[in-house]
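Subject: Structure handover

Hello,

Here is the structure we spoke about, with notes on what was found in it below. Please read the notes with the model open.

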Amino acid sequence: MAEELTGGCFCGALAYRARRGESRTVAHCHCGMCRKLTGGSFATWVEVPFEGFAFTRGEPRRLRSSPFAERCFCGDCGCHISFRYHGEREEITAALWLTAGSLDRPQDLVPTDVIFAAEKLP
Ligand SMILES: [Zn+2]
Ligand SMILES: [Zn+2]
C-alpha cells in the first residue's frame with residue numbers, strides 16, 4: 001500500500017493527506033459517541049501519525065467531544081474526518097485517527113481491531 005493516504009469529505013470542501021506510519025491499526029469502534037457523531041452503527045478508524053497529517057483543502061470544524069479528545073468534521077456536509085486525544089502522554093497524542101470512509105481508497109485497508117465491543121449494538 002502507498003505510504004501516503006489521501007481523503008476528504010463528501011462535498012469536497014475538505015481534503016487531506018497523511019502518512020501511513022508504522023501502525024497498521026484499523027479499528028471498528030462501537031462506542032456510543034462514535035455512533036452519534038457519525039450516524040452509523042459503528043465507526044472505523046485508521047491510525048496515522050499526527051505529524052505528517054495536513055488538510056490540503058479547507059478548514060474543518062472542530063468539536064471537543066470530551067475533555068480529552070477533539071474531532072474534526074466538515075462544516076458544510078457534516079462528514080466526520082478525524083479524532084485525536086489531547087493530554088500529556090506523547091504516546092497517545094502522537095496518533096491521529098481518520099475515518100476509513102473519508103479515505104480515497106479505504107478498500108486498501110484491513111480491519112485489525114474491535115474496540116468498545118461491550119457497547120456494540122445487538
Ligand atoms: Zn464536506
Ligand atoms: Zn468510538
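In strand β10, Val 114 is the bridge partner of His 28. That bridge belongs to the pairing of β3 (residues 26-29) with β10, which is parallel and runs over three bridges. Two strands are said to pair if DSSP finds at least two bridges between them. Helices (H or I, at least four residues) and strands (E, at least two) are DSSP runs, numbered from the N terminus.

Before going further, a word on the source: this is a predicted model, in which local features need pLDDT of at least 70 and side-chain atom pairs count only at pLDDT 80 or more, while totals for chains, interfaces and linings use all residues. Residues are numbered from 1 along each chain as its sequence is written, and chains are lettered from A and ligands numbered from 1 in the order in which they are written.

The seven-stranded sheet

β3 and β10 sit at one end of the order β6-β7-β8-β9-β4-β3-β10, an open sheet of seven strands with mixed pairing. Its edge strands, each pairing on one side only, are β6 (61-66) and β10 (113-115). On average, neighbouring strands here are turned by 30° against each other, direction ignored. For such angles, axes are lines fitted to C-alpha atoms (for helices over the stretch in contact), and the angles run from 0 to 180 degrees between N-to-C directions.

The three-stranded sheet

A second open sheet has three strands in the order β1-β2-β5, and its pairing is antiparallel. Here β1 (4-8) and β5 (54-57) are the edge strands. β2 (residues 15-19) and β5 pair over three bridges in the antiparallel sense; Tyr 16 has Phe 55 in β5 as its bridge partner.

The chain as a whole

There are two helices and ten strands in the chain, and from the N terminus on they run β-β-β-α-β-β-β-β-β-α-β-β. The chain is as compact as a globular protein of 122 residues, because its radius of gyration is 14 Å, close to the 14 Å from the globule rule. That radius is taken over C-alpha atoms, and the rule is 2.2 Å times the number of residues to the power 0.38. Along the principal axes, the C-alpha atoms fill a box of roughly 35 × 35 × 30 Å.

Of the contacts with a separation of 6 or more, 58% are between residues 24 or more positions apart; a contact requires C-beta atoms, placed from the backbone, within 7 Å.

Regards

Methods: Two residues are in contact if their C-beta atoms, placed from the backbone, lie within 7 Å.
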